[in-house]
Amino acid sequence: MIVKIHSWIQNKSEKRSVSFEGKGILNKQVLSFVENGNHNELRLENNKITLRRRINHTEEFYFTFLEQEYTTLEYTGSVGKLEIPLYTEQIVHEDGKIEINYILNEQEEFSFKITYEM
């Protein structure tokens with residue numbers, strides 16, 4: 001089903017934010033959308049959320065979010081493959097809304113929010 005999407009990510013450490021409004025496809029528990037040429041796939045599972053971002057078919061970011069758990073951000077691109085420590089502080093998942101607060105590399109704080117509706 002086609003949904004309207006509004007996403008917003010804030011780098012709390014650097015006090016910068018980026019937002020996006022557009023359309024996407026919700027298929028069961030997978031939300032797919034293209035943001036400024038970047039392909040995004042957000043998978044909603046019971047206690048885990050994953051986000052795969054592909055940029056220009058040359059770089060890929062794979063986030064695994066588990067509330068109050070350490071996981072990794074996997075990056076694949078021109079420099080090879082990197083794993084960056086990721087700690088998910090909080091996940092709020094309600095009907096049509098997801099909020100994730102997380103820390104990358106033990107120092108950079110982020111807040112990611114996305115809403116979607118038919």
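Modeller: Let us begin with a pair of residues: threonine 50 stands opposite threonine 64 in S6. This is a predicted model, in which local features need pLDDT of at least 70 and side-chain atom pairs count only at pLDDT 80 or more, while totals for chains, interfaces and linings use all residues. Residues are numbered from 1 along each chain as its sequence is written, and side-chain values use heavy atoms, with hydrogens and water left out.

Biologist: How is a strand defined, and over how many bridges do S5 and S6 pair?

Modeller: Strands are DSSP runs of E with at least two residues, numbered from the N terminus. Two of them pair if DSSP finds at least two bridges between them. Strand S5 (residues 48-55) and strand S6 (residues 59-66) are paired in the antiparallel sense over eight bridges. They form a hairpin with three residues between the strands, and asparagine 56 in the turn has a positive phi of about 50°.

Biologist: What is the pairing between S6 and S7?

Modeller: S6 and S7 are antiparallel, with four bridges. Here phenylalanine 61 stands opposite tyrosine 75 in S7. Two residues separate the strands of this hairpin, where glutamine 68 takes a positive phi near 55°.

Biologist: In what order do the strands close into a barrel?

Modeller: Ten strands close into an antiparallel barrel in the order S1-S2-S3-S4-S5-S6-S7-S8-S9-S10. Strand S1 (residues 2-11) and strand S10 (residues 108-117) pair in the antiparallel sense over eight bridges. In S10, phenylalanine 110 is the bridge partner of asparagine 11.

Biologist: Is threonine 71 buried or exposed?

Modeller: Buried means under 20% relative accessible area, exposed over 50%, and partly exposed in between, with a 1.4 Å probe and protein chains only. Threonine 71, in strand S7 (residues 69-77), has a relative accessible area of 15% and is therefore buried. A polar atom of its side chain lies 2.5 Å from the backbone oxygen of threonine 64. Contact means heavy atoms within 4.5 Å. Leaving aside neighbours within four places in sequence, threonine 71 is in contact with Thr64, Leu66, Ile84, Pro85 and Leu86.

Biologist: Which residues touch the most other members of the largest nonpolar core?

Modeller: In soluble globular proteins, nonpolar side chains tend to be buried together. A nonpolar core is a set of buried Ala, Val, Leu, Ile, Met, Phe, Trp, Tyr and Cys residues joined through side-chain atoms within 4.5 Å. The largest one has 23 residues, of which Leu31, Phe65 and Tyr102 touch the most other members.

Key: A polar contact is a pair of N or O atoms within 3.5 Å; within protein, one must be able to donate a hydrogen and the other to accept it, and residues adjacent in sequence count only if both atoms are side-chain atoms.
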